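Subject: Structure handover and notes

Hello,

The structure we spoke about is below, with its sequence. Please read the notes beside it.

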Amino acid sequence: MDDLQLTLKTTFGYGAFRPLQREIVEAALAGRDVFALLPTGGGKSLCFQLPALHRTGLTVVVSPLIALMKDQVDQLQAAGVAATFLNSSLTTTESKSRLRGLHRGEWRLLYVAPERLMLDEWKENLANWNITALAVDEAHCVSEWGHDFRPEYRQLARLRALLPDVPVMALTATATERVRADIITHLQLRDPEVFVASFNRPNLTYRVVPKDQPQKQIIDFIRKREDDSGIIYCATRATAERIADALAGRCFSARPYHAGLSAEDRTRNQELFLRDECRIICATIAFGMGINKPNVRWIIHHDLPKNIEGYYQETGRAGRDGLPGDCLLLFSGGDAAKQTHFIEEITNEQEKTNARHQLRKILHYAESAGCRRSELLDYFGETFPGDGCGACDNCLEPRETYDGTIVAQKFLSCIYRIRQGGRFGVGMNHIIEVLTGADTEKIKRWGHEQLTTYGIGRELTRPAWAAVGRELMRLGLVAQAEGEFPILELTEEGRAVLVARQPIKLTKPLALPKARSVKRRQGEIECDEILFARLRELRKRLADERGVPAYVVFGDATLRELARSYPVRMEQLDGITGIGEKKRAEFGEIFTSAIAEYLSSNSRVSFA
């Protein structure tokens, strides 16, 4: 065991590195600038925390959220690492005490927000604190092409002049190739070593179901998971409040979280969630970035997300501990219509074009009959090996196809006739209005009621025609132009299909899920569930005594391993995930004694 492995084991309690972690740590210790893209739960934090323990001086970590700083510092201090943070949550006395410690060189890691780091009065501090590394967490905030752009992150490039010899590490969980290039450029990374891990989260199961009485759907889903923590993402504050109230009224432990609440209420609800005193958070997208709660077991999207990147990051908050997680998206064509309406109100044409493009991508994902995992990975430029993942609704219960030749011919013909009758193109809504025989001012002005395709599609509803149109786009028979006017055009393949009247198979729309058989899932750890429940209670009590979230004591994966291997002596704790030397000394005797007491009146369960 070399020095890095020894620190990994004794401080953090892990027996092996996750993919790319060692390579990133070694590049950082060699003094290289580094760009690292690791999926949520892939172990980004360790990539700058471990090097900080193998070099002299201070590692400064730029972090966008107060909750994230406190969370990571709590976990580091529980593992015996000298880490601290400076932000607006501290009193003047607390801040002065920590600043004195920084001047004395007492800390190995300092977490700080970008705006504080760039204050003029901090220039002298930065020069005097023997800073030997800078880590920029959530680095996608640098890019306007990312899903969470923050202008203050752009200012970080000025640190290169203040700290010219200090290597920089930029880390993120979600970034397309364009965003990656943007991060490297704006942070002025110098010939960085670039590490891009797989975006695949094999322990997550992805499902999309039609939204049908969503409140009932959510309650039915949660009733099967009453002991698990989860997040419900909602498009509006009002929906988050309504769902939280409905769940609380049925005795579920649920709280809202959105920007309309006071800072005090948001902080309280988040703390209750982190400490497992509240099981469910009903939130807008304001909640979750950087929340390192490893035992979130499920994510529900009550409404259609705005883009794939946000959806990927939000679902990625489930199963960070490697244990199974469920991701459910409730899909309604009406949600897409609402988003389209909001997009049309955007005044900046470039932003409007980007928003339309992102909406088309998430609609494609929601309505696709293909493997969900493959669709997500493809968006980030990664190919999933194999024909299907076996862990999404479309792989577990493939959707039926039908002969869609007639409806496809009608749709394609309508585009052709409109283009034939004039030089202009039209968008999806107008084509559907022609097909369904709508009586609109535009149809009359352009004479489209005279077209042979006018009213030939009255057998389908407008949402059904929209679904047909989007599937023809997915099949490459129809293309939508980028720009101010998202008009539809026949592709060359679409023209050929129309002329030759080729048969076309379409996929039946999403249906409500059927009962299915349960199979072993990726990341699952079989254990004595009764003992696991008792160990959770013990962990909660110990965490409350120390004023920290339960997972700061031990994560669920650690408790499950304990409830599977039944260690009753300290030496039997060797090799159990998440038990480093400090935690072993502090909690080992307590947990082994609890397990021995349990075995005095219960027999062991055998596992295959």
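What follows goes through the nonpolar cores, the rings, the charged pairs, the cysteines and a few loop residues.

This is a predicted model, in which local features need pLDDT of at least 70, side-chain atom pairs count only at pLDDT 80 or more, and totals for chains, interfaces and linings use all residues. Residues are numbered from 1 along each chain as its sequence is written, and side-chain values use heavy atoms, with hydrogens and water left out.

Nonpolar cores

A nonpolar core here is a set of buried Ala, Val, Leu, Ile, Met, Phe, Trp, Tyr and Cys residues joined through side-chain atoms within 4.5 Å. Buried means under 20% relative accessible area, exposed means over 50%, and partly exposed is what lies in between (1.4 Å probe, protein chains only). The largest core has 103 residues, and those with the most contacts inside it are Leu109, Tyr111, Leu117, Leu156, Leu304 and Tyr365. Helix 16 (residues 349-367) gives the most to this core, with six residues. Helices (H or I, at least four residues) and strands (E, at least two) are DSSP runs, numbered from the N terminus.

Leu304 has contacts (heavy atoms within 4.5 Å) with residues including Leu329, Phe331, Leu359, Ile362 and Leu363, not counting residues up to four places away in sequence. A second, separate core of 29 residues includes Ala408, Leu412, Leu435 and Met473.

Aromatic rings

Rings of Phe, Tyr and Trp (its six-membered ring) pair if their centres lie within 6.5 Å; planes under 30 degrees apart count as stacked, over 60 as edge-to-face and the rest as tilted. A search of the whole structure gives 11 aromatic pairs. One aromatic cluster is formed by Phe199, Tyr312, Tyr379 and Phe380.

A charge sits over a ring if NZ of Lys or CZ of Arg is within 6 Å of the ring centre and within 35 degrees of the ring normal. Arg98 has its charged end over the ring of Phe85, 4.6 Å from the centre. Arg560 has its charged end over the ring of Phe532, 4.3 Å from the centre.

Salt bridges

Side chains of opposite charge can pair when their charged atoms come close. A salt bridge is counted when a side-chain nitrogen of Lys or Arg is within 4 Å of a carboxyl oxygen of Asp or Glu, and the count comes to 40 salt bridges.

- Glu529 and Arg560 meet in a salt bridge (3.0 Å, N to O). The pair links distant parts of the chain, with Glu529 in helix 24 and Arg560 in helix 26 (residues 556-565), 31 residues apart. Glu529 is partly exposed at 44% relative accessible area, whereas Arg560 is buried at 15%.
- Lys508 and Glu400 form a salt bridge whose closest N and O atoms are 3.3 Å apart. Lys508 lies in the loop between strand 17 (505-507) and helix 24 (529-546), and Glu400 in the loop between helix 18 (393-396) and strand 14 (401-403), so the pair ties together parts that are 108 residues apart in sequence. Lys508 is partly exposed, at 36%.
- Arg104 and Glu106 form a salt bridge with the closest N and O atoms 2.6 Å apart. Arg104 is exposed, at 54%, and Glu106 is partly exposed, at 40%.
- A network of salt bridges links Asp276, Lys293, Arg297, Asp321, Arg539 and Asp556.

Cysteines

A disulfide is a covalent bond between the sulfur atoms of two cysteines. With the cut-off set at a pair of cysteine sulfur atoms within 2.5 Å, the structure holds zero disulfides. Cys395 is in no disulfide, and the nearest cysteine sulfur, that of Cys392, is 3.6 Å away. Cys395 is partly exposed, with a relative accessible area of 24%, while Cys527 is buried, at 8%.

Loop residues

Asp276, named above in the network, has a positive phi of about 65° although it is not a glycine. Asp276 lies in the loop between helix 13 (263-274) and strand 11 (280-283) and is buried, at 10%.

Asp191 also has a positive phi, near 40°, and is a residue other than glycine. Asp191 lies in the loop between helix 10 (177-186) and strand 7 (193-196) and counts as exposed, at 62%.

Gly476 lies in the loop between helix 22 (462-474) and strand 15 (478-480). Gly476 is partly exposed, at 26%, and touches Thr491 and Glu493, not counting residues up to four places away in sequence.

Regards
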